[in-house]
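Subject: Structure handover

Hello,

Here is the structure I promised to pass on. Please have a look, then read my notes below.

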Amino acid sequence: MTPDLSARFVARAGDYRAGVHRCAPAELPDLLAGLLAGACGVVLPAGVPADWTAGLGPPVLSGDTLTAAELDAPGLAVLTGCALAVAETGTLVLDGGAAQGRRLLTLLPDHHVCVVRAEQIVADVPDLIRALPDPTRPVTMISGPSATSDIELNRVEGVHGPRRLDIVCLPPPG
């Protein structure tokens, strides 16, 4: 991953109205705590690193057992990682792996916060297909918060998914 890919990903994700934040690994717990401070609860899939959650204040809920109705509670947030991210389109790619959880976790809560490591960013969709850890797994691709447009092209956000998407980008190790 080159710095150009990271910069392109940040710019394109911002184009989709995602909140994009860069930070060093040591700053991550405080940044995540700030982003999630207003939530009534934070859903965590299995595999979220413990250091990510060190400063979280709201109740932390296990994403493994919550029903669709529980995940649709007003003010709920989810914190995930991703499998990969695509610089050209500003897209997050989740495949249900560690720190990502089941697909339902990222479709219902009002706020999704996703942590992306620089080495997970690929240039474009063909690179994504080649880099998928397991190409037989179903993937969810997310480009910005939920949005739709009516016949008059009036954009409405949050109709069928998270109203708010925050992406936290970590630099390459070293």
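In what order do the six strands of the open sheet stand? The order is 1-12-7-4-2-3, and the pairing is parallel. Strand 1 and strand 3 (60-62) are the edge strands, each pairing on one side only. From one strand to the next, the twist averages 25 degrees.

Some ground rules before the details. This is a predicted model, in which local features need pLDDT of at least 70 and side-chain atom pairs count only at pLDDT 80 or more, while totals for chains, interfaces and linings use all residues. Residues are numbered from 1 along each chain as its sequence is written, and side-chain values use heavy atoms, with hydrogens and water left out.

The terms are these. Helices (H or I, at least four residues) and strands (E, at least two) are DSSP runs, numbered from the N terminus. Two strands pair if DSSP finds at least two bridges between them. Angles run from 0 to 180 degrees between N-to-C directions, with axes as lines fitted to C-alpha atoms, for helices over the stretch in contact. Buried means under 20% relative accessible area, exposed means over 50%, and partly exposed lies in between (1.4 Å probe, protein chains only).

Now strand 7. Strand 7 (residues 111-117) pairs with strand 12 (residues 164-170) in the parallel sense over seven bridges. Opposite His112 stands Leu165 of strand 12. Val115 has Val168 as its bridge partner in strand 12. Strand 7 also runs parallel to strand 4 (residues 76-80), and four bridges join them. There, Ala77 stands opposite His111 of strand 7. Strand 7 is mostly covered, with six of its seven residues buried.

Next, strand 1. Val20 has its place there. Val20 counts as partly exposed because its relative accessibility is 24%. Val20 touches Val10, Ala13, Gly14, Ile167 and Cys169 (contact means heavy atoms within 4.5 Å), not counting residues up to four places away in sequence. Val20 and Val168 are 148 residues apart in sequence, yet 6.0 Å apart in space, C-alpha to C-alpha.

Last, a loop residue. Ala26 is found between strand 1 (19-22) and helix 2 (28-36). Is Ala26 buried or exposed? Ala26 counts as exposed, because its relative accessibility is 72%. Ala26 and Leu170 are 144 residues apart in sequence and 10.0 Å apart in space, C-alpha to C-alpha.

Best wishes
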